[in-house]
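Subject: Handover of a structure

Hello,

Here is the structure I said I would pass on. My notes follow below it.

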Amino acid sequence: LVLALALGLFLFWAYTQHSGLGISPDSVAYLSTAEHLLSGKGGVDFSGQALVLFPLGYPFFLALVLGLLPFATPSILLWTNALLWASYLVGLRKILHEIFPAAWLVRYSVLLVAATSPALLEVFTMVWSETLFLWVTQLFLWAAYQHGKASPSRWQNLWFWVMTVCAAAGLFTRFAGLSLVITGVVFLWRWRNQWLSFLVLAFLPLGLNLLRNHWAAQQLAGVRQMANQSIWDKATEMGVVVQSWFPLSDISPLALGLGGLVLAVLVLVTSLLAAPRPAVSFKLYWAVYTLFLFALSSISRFEPLSNRLLVPAFVPLLILLAMALVKIWEGAKAKGYKWLKPLLVLGMGVWVLRLGVHQYQTQSAVLEGVWYAGIPGYTEDMWRGSALWQFLGSHPLKKEKTVYTNSHEAYYMGT
């Protein structure tokens with residue numbers, strides 16, 4: 001744990017040492033809404049309009065952090081993300097220790113891969129709602145695991161409430177939190193335990209948010225257009241992300257994407273048919289999230305499937321692969337195949353080594369840029385040193401002036 005924390009926090013520092021957390025257009029929407037919540041203007045963004053494209057959960061979280069101390073400054077968000085990142089790794093270590101009590105090599109390998117993962121660090125070093133969503137998702141899956149372990153008692157009820165609060169928070173943070181609700185309903189239905197109460201309570205915060213959106217802007221979740229890409233295009237995009245996670249460049253992205261979808265269907269079916277086990281929550285969530293996001297992106301038009309959108313499935317996928325390896329190991333041990341165990345250890349060692357080299361190469365390429373120029377976005381040197389930024393800073397406009405721009409969030413950041 002100490003080594004994983006040291007590596008993870010060092011890389012976090014390396015990403016943010018030049019210009020702090022990365023700020024994207026979505027980040028500006030979140031930050032401006034949080035500022036307006038603190039000033040009493042309500043949930044409106046930089047344009048002065050009600051924020052309806054995203055749920056209000058993350059702006060509320062930012063407002064809570066920024067308003068926690070009278071002297072709090074935006075730099076406190078850097079420490080907040082660092083704390084979320086560190087606690088995420090501590091929580092992952094606890095989860096791995098519970099699931100793989102005897103397989104110490106598997107535990108350490110998964111933890112080190114996660115701590116040095118470019119996929120996770122990309123999110124935790126940005127002002128994105130995915131940062132909070134990843135943390136809430138991990139707590140939800142941990143609560144589901146504990147719920148499955150607990151005998152019918154007040155402890156099981158306690159974990160039910162933790163699951164419910166986390167699912168509600170996840171859905172209030174991102175619409176993709178619907179995957180948590182689906183996972184929770186299926187999981188609790190398999191355990192014959194309060195799934196309907198969970199469903200109603202988990203939807204409550206977002207339901208109120210949607211009612212507010214309809215009242216404030218006559219829209220539930222902004223203008224959403226139909227997708228204009230085929231499922232093959234979306235599967236290819238998914239495969240490109242998988243190639244960025246693992247050293248699989250020799251396999252075509254389309255084959256990886258389709259293979260991942262087939263595997264997700266198989267995992268979902270086996271999770272539904274097999275006897276309920278506590279650890280099924282991680283496998284079930286990976287399958288639900290993968291299929292949910294693929295289906296949603298095939299119906300509704302938004303940005304291409306990227307690491308940012310798919311990263312909630314990354315750690316559950318690592319755990320799923322580790323479970324498969326341990327199951328093969330235990331099967332070989334039970335059948336007396338002693339010759340197979342050294343091969344498994346060797347194969348795992350080679351794979352982890354290849355993955356480590358892959359992540360090192362990816363991190364090196366990323367750090368080469370962010371070390372000298374900052375994380376791409378509105379805190380990057382290229383933007384902060386631009387003539388446009390200097391002009392905005394030296395030519396403030398009166399409030400009553402009308403501003404015409406094709407990038408409202410950039411103007412808001414510059415002023």
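About 50 Å³ of space lies in the second largest cavity. A cavity here is a set of points, on a 1 Å grid over the protein atoms alone, where a 1.4 Å probe fits but cannot get out, and a residue lines it if it has an atom within 4 Å of a point. Points are joined across faces, edges and corners, and a volume is the space filled by probe spheres set on them.

Before the rest, some notes on the source. This is a predicted model, in which local features need pLDDT of at least 70 and side-chain atom pairs count only at pLDDT 80 or more, while totals for chains, interfaces and linings use all residues. Residues are numbered from 1 along each chain as its sequence is written, and side-chain values use heavy atoms, with hydrogens and water left out.

The second largest cavity and Trp191

The second largest cavity is lined by Val186, Phe187, Arg190, Trp191, Ser271, Leu272, Pro276, Val280 and Leu284. By type, these divide into 7 nonpolar, 1 polar and 1 charged; Ala, Val, Leu, Ile, Met, Phe, Trp, Tyr, Cys and Pro count as nonpolar, Asp, Glu, Lys and Arg as charged, and the others, Gly among them, as polar. H9, H12 and H13 each give at least two residues to this lining, and H9 has the largest share, with 3 residues. Helices are DSSP runs (H or I, at least four residues), numbered from the N terminus.

Trp191, one of the lining residues, sits in the loop between helix H9 (178-190) and helix H10 (195-217). Trp191 has a relative accessible area of 24% and is therefore partly exposed; buried means under 20%, exposed over 50%, and partly exposed in between (1.4 Å probe, protein chains only). Leaving aside residues up to four places away in sequence, Trp191 touches His147, Gly148, Pro276, Arg277 and Pro278, where contact means heavy atoms within 4.5 Å. Between the C-alpha atoms of Trp191 and Asp381 there are 53 Å, with 190 residues separating the two along the chain.

In total, the structure holds 3 cavities of 30 Å³ or more. The largest cavity has a volume of about 90 Å³. It is lined by 13 residues, of which Tyr88, Gln138, Leu141, Val315 and Pro316 are the closest to its centre. Its lining has 11 nonpolar and 2 polar residues, and no charged ones. Helix H4 (76-99), H7 and H15 each supply at least two of the lining residues, and H7 gives the most, with 4 residues.

H7 has 21 residues, of which 18 are buried. From first C-alpha to last, H7 reaches 31 Å, close to the 30 Å expected at 1.5 Å a residue; the expected span is 1.5 Å times one less than the number of residues.

The pockets

A pocket is an open set of grid points with protein on both sides within 12 Å along at least five of seven lines. The largest pocket has a volume of about 1000 Å³. Its lining comprises 33 residues, and the closest to its centre are Met323, Ala324, Val326, Lys327 and Glu330. H15 provides the largest share of this lining, 10 residues. The lining divides into 26 nonpolar, 2 polar and 5 charged residues.

The second largest pocket holds about 840 Å³ of space. Of the 40 residues that line it, Leu53, Phe54, Phe175, Ala221 and Arg224 are the closest to its centre. Here the division is 25 nonpolar, 6 polar and 9 charged.

Helix H16

H16 is among the helices that each supply at least two residues to the lining of the largest pocket. It runs over residues 340-373, and because its 34 residues should span 50 Å at 1.5 Å a residue, the 49 Å between its end C-alpha atoms agrees. H16 has a kink of about 30° centred on Leu367, the bend at a residue being the angle between axes fitted to the seven residues ending there and the seven starting there. Leu367 is also buried, and other buried residues of H16 include Leu344, Met348, Leu355 and His358. Just after H16, Gly374 takes a positive phi of about 95°.

Regards
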